[in-house]
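Subject: Structure handover

Hello,

Here is the structure to look through. Please open it first and then read the notes below.

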Amino acid sequence: MIEDLKTQSDTLISHLQVENIHQRILTLRGHRVMLDSDLAVLYGVPTKVFNQAVQRNTDRFPEDFMFQLSRAEANSLRSQIVTLKTERGKHRKYLPFAFTEQGVAMLSGVLRSQRAVQVNIAIMRAFVQMRRMLVSHVDLARKIDTLERTYDAQFRVVFDAIRALMEPPKTPRRRIGF
């Protein structure tokens, strides 16, 4: 029984890696977030059910854990290719919620299924991996800045020498000839 659960959880995590969680992480209001609809898909529940579970536990989600998008933010995220269906109940009625990394971690206390645990593990790993990539980019930017300063200083000497050669002499030379 325990082996079956482990095999199922390993399969789920590998499936989540294939889905590429990184593509679902957005940057809004200076935070890396995931939208409620994306999280609902990962957890395998309808968005409405997901949001109802969150609304029953609003005290667990302060503004730095979860916030609702403004109309302008929601419109900017909507794909220009996809059009709303005209049938009743085929599009969102309410503005989406965005969950920060801390909000996603808090979801593990609200959603208690085995799948929810495995999804949270995979999402937390994706956030950690993303943070590591950002740190490595910062280190790379520092190295490039150091190289630019080093080479700018070396080239400055060359440019100063060229400018010195281009300047006319300060003392007049004696004319040769008659």
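A residue is called buried when its relative accessible area is under 20%, exposed when it is over 50%, and partly exposed in between, using a 1.4 Å probe and protein chains only. By that rule both faces of strand β4 are covered, with Phe97 and Phe99 buried on one side and Ala98 and Thr100 buried on the other. In the chain as a whole, 28% of the 178 residues count as buried.

Two notes on the source. The model is predicted, and local features need pLDDT of at least 70, side-chain atom pairs count only at pLDDT 80 or more, while totals for chains, interfaces and linings use all residues. Residues are numbered from 1 along each chain as its sequence is written, and side-chain values use heavy atoms, with hydrogens and water left out.

Overall layout

The chain has six helices and four strands. Helices (H or I, at least four residues) and strands (E, at least two) are DSSP runs, numbered from the N terminus. Read from the N terminus on, the order of elements is α-β-β-α-α-β-α-β-α-α. A contact means heavy atoms within 4.5 Å. Among contacts in the chain with a separation of 6 or more, 74% come from residues 24 or more positions apart.

The sheet

Strands of a sheet pair through backbone hydrogen bonds, either parallel or antiparallel. Here two strands count as paired if DSSP finds at least two bridges between them. The four strands make an open sheet in the order β1-β2-β4-β3, with antiparallel pairing. β1 (26–28) and β3 (66–68) are at the edges with a single partner strand each, so one side of each has no neighbour in the sheet. From one strand to the next, the twist averages 45°.

Strand β2 (residues 31–35) and strand β4 (residues 97–100) are joined by three bridges in the antiparallel sense. Across this pairing, Met34 is opposite Phe99, and Leu35 is opposite Ala98. β3 also runs antiparallel to β4, again with three bridges. Ala98 in β4 is the bridge partner of Phe67.

Helix α2

Which strands does α2 touch where it packs on the sheet? It touches β2 and β4, and its direction makes about 60° with that of β2. Angles run from 0 to 180 degrees between N-to-C directions, and axes are lines fitted to C-alpha atoms, for helices over the stretch in contact.

Six of the eight residues of α2 are buried, so the helix is largely enclosed by the rest of the structure. The buried ones are Asp36, Asp38, Leu39, Ala40, Leu42 and Tyr43. Just after the helix, Gly44 has a positive phi of about 75°.

Helix α2 (residues 36–43) also packs against helix α3 (residues 47–55), at an angle of about 105° and with the axes 9 Å apart. That makes α2 roughly perpendicular to α3. Angles of 65 to 115 degrees count as roughly perpendicular, those under 35 as roughly parallel, those over 145 as roughly antiparallel, and the rest as oblique. On the α2 side the contact involves Asp36, Ser37, Leu39, Ala40 and Tyr43, and on the α3 side Thr47, Phe50 and Asn51.

Salt bridges

Side chains of opposite charge can pair when their charged atoms come close. A salt bridge is taken as a side-chain nitrogen of Lys or Arg within 4 Å of a carboxyl oxygen of Asp or Glu. How many does a search of the whole structure find? It finds two.

One joins the side chains of Arg24 and Asp38, at 3.5 Å from N to O. Arg24 is in the loop between α1 (2–19) and β1 and Asp38 is in helix α2, so the pair ties together parts 14 residues apart in sequence. Both Arg24 and Asp38 are buried.

In the other, Glu73 pairs with Arg29, and the closest N and O atoms are 2.9 Å apart. This pair links distant parts of the chain, with Glu73 in helix α4 (residues 71–77) and Arg29 in the loop between β1 and β2, 44 residues apart. Glu73 counts as buried because its relative accessibility is 17%, whereas Arg29, at 45%, is partly exposed.

Asn120 belongs to helix α6 (residues 114–166). Its relative accessible area is 6%, so Asn120 is buried. Leaving out residues up to four places away in sequence, Asn120 touches Tyr43, Val104, Ala105, Leu107 and Ser108.

Regards
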